[in-house]
Each structure stands twice: as structure tokens, then as C-alpha cells.
Amino acid sequence: MKFKEFWKDTNSIRVNEENSRAYFTPFSTLDDAVSNHRFLSPYLHLLSGKWKFLYKDSVSKMPLFYKEGFDFSYFDEINVPSCWQILGYDKAQYQSSPYTFIFDPPNLPPKNPTGAYIKEFNINLNENKKYELHFEGKDSCIYVYLNGEFIGYGEVPHCDSFFDITKNLKNGKNRLCVMVLKRCTGTYLDDQDKIRLSGIFRDVYILERDKNAISDFFVSTKINGEINVKIDAKGDVKAYLYDENKNLLFKDNSKNITFKVKNPNLWTCETPYLYTLVLECENEFISQKIGIREVKITKDSLLLNNVPIKIRGINRHDWNPETGYVVTKEEIKKDLIMIKENNFNTIRTAHYPNMPEFYEFCDEIGLYVISEADMECHGGYYTEEFQSIVDNPLFKDAIIDRIMRMAKNFKNFSSIIMWSLGNESSWGENLLEGAKELKKFDTSRPVHYHGICMPSDKNYAEDDKEARKYIDLYSRMYTPTDQLYTFYDNIKIKQPLIMCEYSHAMGNSCGDLKTYEKLFDSDKHFIGGCIWEWCDHAIKLNGKKGEYLGYGGDFGDPINLKNVCMDGVVSTYRVPHSALYEAKAIFSPIKIFDFDKDKKEVIIENRNSFISLENYDFSFKVTSDGKEVEKGKFKLKTKPLSKEKVKLDFCGEGYDGIVYLSIKAQKNGICVTEKDFKLYEKINKEKREKSKITVFQKDDKIKIKTKNICYTFSTDEDIITSIKNDGREYLAKMPSFTAFRAPTDNDSYSMVEPMAQRWNNTKHFGKIEYATHIMKNIEIIKNKSNVIIKGDLIVAVEGRCHITDGKIEYKFNNDGSLLINHTGIFNKMLPYWLGRYGIEWKFKKEFENVNYLGLGPYECYKDKQSYALFGEYDYIIDNKDEMYEKPQECASRLHTRKLTLKDKDGYGFDIKGDFSFSATRYDIHEKTLARHQIELDKKNYLHLYTDYFMSGVGSRAVGGHVPQKEDRINAGDKIKFKLEFYPFKN
């Protein structure tokens, strides 16, 4: 072989690689160290940028490119960091967990795609220095050569690999050659839920070090103000401690330092106070931000600084749709600020360590971190050998190495309140040994691992006493709350429980957050959890119709898990989905509830664990039909984890319309939460001009006319077929009753109850997507002021059982209005719940100006409306921000009381009632079949859905819940539906 086959050897996880240590950057001055901007250090030589690159689909085809004199002029040029599949080499593949090659550990496919990288650079050497070459991210393994000589080999994609290159570095020009292989034996431990990419995806740099400099240090703190620093260095060390304002508090000369800060400011996510430690050794200054805090686990709680806390968290991958795994520190900070501003307090680094800047920002802005090792072998689950790797002695050192790399690299970051051994890898001896090593190394943080708690796994070890010495809490994924409520009745060893993943945010989802939060609030044993996940994962692609976002199956990857990677509360470009708004409302540190209309009192709960409400600004307003009529402000000093009854000073009387009280809490100008309460409803009947009403009947057509309005009802079609105003037609096609929605991902992919399959076809009810209706026993009643057409209504698929049976009445009034009154019942024999039931109107495309009075301003559903406020809003038809890349049900508005559509000439109509609605130019049948938004073609008319009931969305695509019974249409439910239709011309 041209290259020694380290990639095939489980014992060769490090070849000439230096031992892992704390992340830090040396600086040349004390002031620079305090500022701690690493790329400003003269001792850091950044090698990221343009590199020469050659791709081969097999390592066997790779030339000896690292040899002196090798001609690489024909190589391409790419950026480092980057992922080579994004750049057009090889192909991306999306798998959640099955391995992307034949499972035969530790063996690998003989064909192993490979990239050769070459970087020439100049450096001025100092003979008194040593030089470290760092690779912060590479997938899956690297061979490193410098000036024609082999330097070393390293694995573990998301952890730093660094090498001592002092002996091989030349003064002046140097040639660095790196070979990256797509697979190595470590790939069996890299089976995370992500789009699979390869390359050098984080920074490469050289650190210039003093030979007697600090090689490592470890900081620990106690809430009495004690800061302990253990230092590994050959030279003499001086230590400086500064407060947040850069005032020097202490100075010490020692290698084992203890500072004692009086009246310390303790670090929490609510009070992220950071001291600065600077260590001076020889000619280097090293800086570390320090938050003074302690983390403990009791048998029933997670304590920070001896105070119980709840995890209101999110799982987060590094992702950019144009660069893949490559993210900048600016993008990370943008993510973290957005996460913080939406009331999350915790991030689980699913499923690997993040860039160092990530932890620095979490320390700075106040976010708890569950730091997870780069360790997952989930794919074994599909082979019925789930535990084969974690019990296989060949992988023992590699698994322990991955766990300890994480801890040794990031041990000094205060935001990390918990270590995680990895993800979904069953349970076995190798993980147990890793947990033991981790506990021995760091006793200051609890250890999490979900894989010990998987009842479906034959290595299930939830109540294993030996395992419980090292794993500090129970962990579940996607377990429905009804199963969790009885959890503590069945366990023997008492520990708190975390939902490390729950409420899977795939597509239009997270309809069960309120249900889970009720569970978390019900018992201190349930310490909260982390939603799966932060952002959709997709790659920007170009097709015949333009740009679109590619997911599984779009990369020439026939074996894939489709759009399951599109499972974030924000889009891949960080545009919020409605799930983010729901999470923000549910996770709010302030809860507003139990408004007493008579006393004008409301209860406000401070859910913060450490701060009062004195720095929050509260305001309220009274609205009538969405328009503000009163407002006010107030302040509170409610203590942490306390409630306060507040009396509000407003009148709230004498207004017409639908009157609401809305209360808002803000901090630093950012809305934290807003809640509204209905005060009353006083609807004065609108005065409309009346005129003579006439009826003409010819064949199946019944025409009802008033002054300038003409309705046509067809007794053949059993529906209204025409609405005209001044002879201008409103309808493009006749309306119809519908019981079908374009399935959400939760409807389509549910592992337990795949509703879309059942809606698609059952023996007795057929394909409800194509349900139709008939009217029987039609009766026409002509009165002086109105005409009534009524009869019995049946909705069903042709030749199948009735979906609904009921009665319907169309009342045409002499003021031009139409009242539709429908009562009935859903068939008691329905074998499923329905997604929706209502009327689909097909209006002329000109009616593009849409305004409504109801819940908004974003899409909302029965089980996803905690963020919604009653008001008057404009509605954007086919708003891209509300659509999902995989087309599905979206953009519905709940509890609409008045809907107005009009054209540019002022012709339009109002629809009044209490209904859900959505408006789109896309066909529901095409949405059901399409993979991407770009595949949809706009129709030349407007689909308007006025729904008696739109069911909730749940989160059942992966575990979790179907919509709760009260949030969906069930067999035997009754129908009582009224709509008032008012054509007008302004």
C-alpha cells in the first residue's frame, strides 16, 4: 500500500498526536490576553484559506502527493475549511442512523473516497519556540505530512487533533500536505443524524509556544467564591484574576492556585457574570473566562448554586445550507442570541463537541450546555447488534478517547453544566469504562447518557446499580407524557429525569410543547428537556426551476431518510417556524394567568430561578376588534420562583366589538412574553342597505338576486356555483366540502399512527382526499326578506361510508348577505381522526388583499397557539416564511371572527363566524405529492379554506404525541358550523 492503513486499525486512533488539553490561545501581552481575541495573537498562524485539492474516489488511486518535488499544478483550489461534497466532489448523503455502508465492524468498504490537500506557507521561526499544528475539525481522519515527512494521523471529527511540528518546520517556505479519508474505523462511532459530508471543516492553524510554557490547566469553582486552578507547566507561573470591569482582584505566583473572592457574583444563565483569569508563563499570557458556580444532582433535582433549575433546551447541530458543517463564529453567535431571546436556557451539543467559540459565547450570554461526546453507533440498531460496538474490546480505547477528548478540551467553560457520553449507542462495557474515566477526571459535573435508558434495547440498564454510580440522571427521548407520569412508580433507583430529545420539530410540528411543560411543572423529578432541534438541515441546490433546498434523496443518494433532517424550529436560513414562537411562549420565564375580570387582577409568576422581575418592563392594553383603546404600564419586584397577584388599572367597559386585555413583559426592549384575555363581546348588527329579493329558477339553477348581488345555487351540484357583485364574478370554481389537509410530516411519518396512509385509503372510507357531498330532501323557502335552501348533507368518498351526516341551510338575505348553517355528526365508525373539516372556496385570483380579525400574527393550531394573540392582521398569501420545504399543511389561522378579501377595485367580501382559515394559490393535491416548494405551480385562482375545525399538529413523526383528543376531529364528534358571507364594494 502507498499509505500505512491506520484507517483500518482501531488501535491507531492517534499516531504522533499530542495529548488532549484545555482549549486556549497564547498571547504576547497581558492586555491582549484579557481581550482574548485569538486571531489577534502573534503566536497564532492561521492556515485557513486557499488550499490545493485533489479528490479521488478511492484511497488506492491517490498519488504520493506529499513527496518533495511532487507536481500539484493540476490540483484544484478550494477553501479550507470546507466540505468537499458541497463543492461538487463525491456526493452528500442523508441518513439519520443506519450506516451508509455495509455493517461489518471494524471492517470498511475497500473503496474509500479521499481528498488530498496542499498548503504552502511562510513562517519566521524562533529557535527557542516549539510549534503545534492544530486541526479543529476533520471528517473522518487525517494523514499529515510536512515538507515531505510524515507527521501523524488523527481521528475524531469534531475534536482538535494537534501535532508537534517543531522538528519538521523550516524557516521561510513550507509545504503542508494533508490526506482526508471519508471513512475509518472511527466512522462506526460517527453515525449521527446529519447530512454526511467530508473534509477539513474547521480552522487549521499553528500555535507558536514557549518550550517551558503551560501545557494544560484546569479551573474549578465553589459558590463560596473559591477558584482553584491546577496548572501543568515547566516554567514559573503568575496568575491574575480580574472582575467583569477588568479590575485586578488578585495576583499569585504558583502552579496550584486558589483565589477566594468575597461576595462573589455567581454565574447562571440569568446572571452570566464572568471573571477573567490570566496565566503568565515565560513569554506567554493565557486567558480564561470563569463563572463561579456549582452543579449538583440530588435524587430528584438538578441544582445550580444549590437552587433547583429546569432545562428549557434545544438540540443544535452546526449547519449552513451553503457550506454544510462549516460555520463562522458570527453565525454561531447569531444562533445563540436568537436561542437566548426565544427563552431557551440550554443547548445540547447534538451530537458532538462544538467549536471553542461556541462555549465562549454560551459563557458570555448565559446558556447552559450539555456537552456531548463525538460518539454514536446508532446504526447497529438496524442489524440487531446494537451493543456489538460498545461491548467490543476493539473499540474500547476509541470510545474512551472520544469522551475524554471532549472533557479535556472544554473542561474550563462554565456554561457546561453536564457531560454527555454520546448519543444512541446502546449500553456496554466500553461506555461504562468511559463514564468511569470521566467521573474520575471531573467530579464537578453530572454525567448524562440516554442509551442506558432504552427499554427497546436488550442491553437496557436503567436500574443497573453499577451504571448508576456514573450516570447521574434518567434520560428519555420522545416518550409521550402519559407514560412518563407513571415513570417513578416503576424505578428502583431515584434520580431526576431529562427529556434529552422531545417534541420533534419536523415540518409543521411541536403541537405538544404545552403538554410536556405541564409534566415538567408537575413534579421536581422532571427537570425539563431539549426540543429536537434548532434548524432544518438542507443544502442549497439549483434545479430547472431555480434554487431549492435539498435533503435526503436529492443528492443522488438512493438510500436516505428523506426530509427527516428538516426538523428545526427555524429554517436552514434561521427564519422562524411557528414552533419557535410556541417554544418561546411555553418557555417564558414569566407566566401570566388566572385573570379575574371582576377584580381586574392577574397572577404573574416569576419562573426565573435567580433573579427578580425588577428589571422587566410590564405593559398592558385593551383592544376592541384589534384596535387599542386603553393602555398602561407597571413594574414588579417578584422574587425568583414566586407568584404575585397584580391589580391592573383600566376601565375596559363601553366598547363595541370583541374586547381583549393583553399583558406584555419585556427586558432590554425584547418581548419575553405576551398573553391576552377576552373581556367580553358586544357585537352590534351591521346596518346594511336592504332591497327587494327575487328568485329565478331554471332547470337545476336557482338564482337569488338583491340590488347588485346575485347568487346561483345548483340543485345538480348541491352547492353555490356563482356569486356576482355588479355582474363581477367572485368564484373561479364552485366550492366544496373537504375533510382532508395536505399531510404534515407528523401525519405522514408517524411510526405508531401514520394518519396520511389511513386518510389515503381504508376499506370503508376510501381516499378522503377526494371526498364529495350530496344534499337530499332539498327544500326552497321563499320569504319576503330572505330565501332559504336547506336539506340533508352527506360528505363521503364515492361508494364508501359517510364521513359526515347532517343538515345544511343556505339563507340568502335581502341585504345581499348569505348565512350558512351546518349541523351534523362525524361517523362514529371512523377509524381515525380527521385533519380538517370545512369548506374550500375557489375565488378569482384578484382577491389578493387579505385581512382578518382573529388569532395571529403567525399560523396557529389547536395545540400550537400559546404565542397567538387576538387582533387584526394582514395575511400574506403563500408567505414563504410560513411554508415548509416539504409542502404540507401550513398557514392556518385559528378563531377567525372576521375575514376580509378584496381586489384592487374595492370589490370584496367579509366572512364572519368562528373558524380557522388559510388562503393559497397552490393545489392541495399537488402539495401532498410534492417534495419541494419549487415543484408547486400557482393556480390562477385562490383556494380559501374556511374550516369548522382544523386539528392540531402534534409531534408524532418521531415518538411524541398525536394531537390530544380535544385538539382533533374524532369519530362521533358533533358539527355546529356557522358562516356569514357579506359581498361588498368600497
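A crossing of two helices is left-handed if the near helix is turned anticlockwise from the far one by less than a right angle, and right-handed if clockwise. In this structure, helix α2 passes helix α3 in a right-handed crossing, and α4 passes α5 in a right-handed crossing. The model is a predicted one, in which local features need pLDDT of at least 70 and side-chain atom pairs count only at pLDDT 80 or more, while totals for chains, interfaces and linings use all residues. Residues are numbered from 1 along each chain as its sequence is written, and side-chain values use heavy atoms, with hydrogens and water left out.

**Helices α2 and α3**

- Helix α2 covers residues 329-341 and helix α3 residues 356-365; they pack at an angle of about 35°, with their axes 10 Å apart.
- Helices (H or I, at least four residues) and strands (E, at least two) are DSSP runs, numbered from the N terminus.
- Axes are lines fitted to C-alpha atoms, for helices over the stretch in contact, and angles run from 0 to 180 degrees between N-to-C directions.
- On the α2 side, Lys329, Ile332, Lys333, Leu336, Ile337 and Lys340 meet Glu357, Phe358, Phe361, Cys362, Glu364 and Ile365 of α3.
- This contact of α2 with α3 comprises 7 nonpolar, no polar and 5 charged residues; Ala, Val, Leu, Ile, Met, Phe, Trp, Tyr, Cys and Pro count as nonpolar, Asp, Glu, Lys and Arg as charged, and the others, Gly among them, as polar.

**Helices α4 and α5**

- Helix α4 (residues 396-410) packs against helix α5 (residues 429-441) at an angle of about 30°, and their axes are 9 Å apart.
- The two helices α4 and α5 are therefore roughly parallel to each other, a term for angles under 35 degrees.
- Lys396, Ile399, Ile400, Ile403, Met404, Ala407 and Lys408 of α4 make the contact with Asn430, Leu431, Glu433, Gly434, Glu437, Leu438 and Phe441 of α5.

**Thr276**

- Thr276 is found in strand β22, residues 275-281, and is buried at 3% relative accessibility (buried means under 20% relative accessible area, with a 1.4 Å probe and protein chains only).
- The side chains of Thr276 and Lys289 are joined by a polar contact of 3.0 Å; a polar contact is a pair of N or O atoms within 3.5 Å, and within protein one must be able to donate a hydrogen and the other to accept it, residues adjacent in sequence counting only if both atoms are side-chain atoms.

**His450**

- His450 lies in the loop between β31 (447-448) and α6 (465-468) and is buried, with a relative accessible area of 5%.
- His450 and Arg476 are 26 residues apart in sequence, and their C-alpha atoms are 6.3 Å apart in space.
- Beyond its neighbours within four places in sequence, His450 is in contact (heavy atoms within 4.5 Å) with Glu424, Ser475, Arg476, Met477 and Cys500.

Methods:
Angles under 35 degrees count as roughly parallel, over 145 as roughly antiparallel, 65 to 115 as roughly perpendicular and the rest as oblique. Buried means under 20% relative accessible area, exposed over 50%, partly exposed in between (1.4 Å probe, protein chains only).
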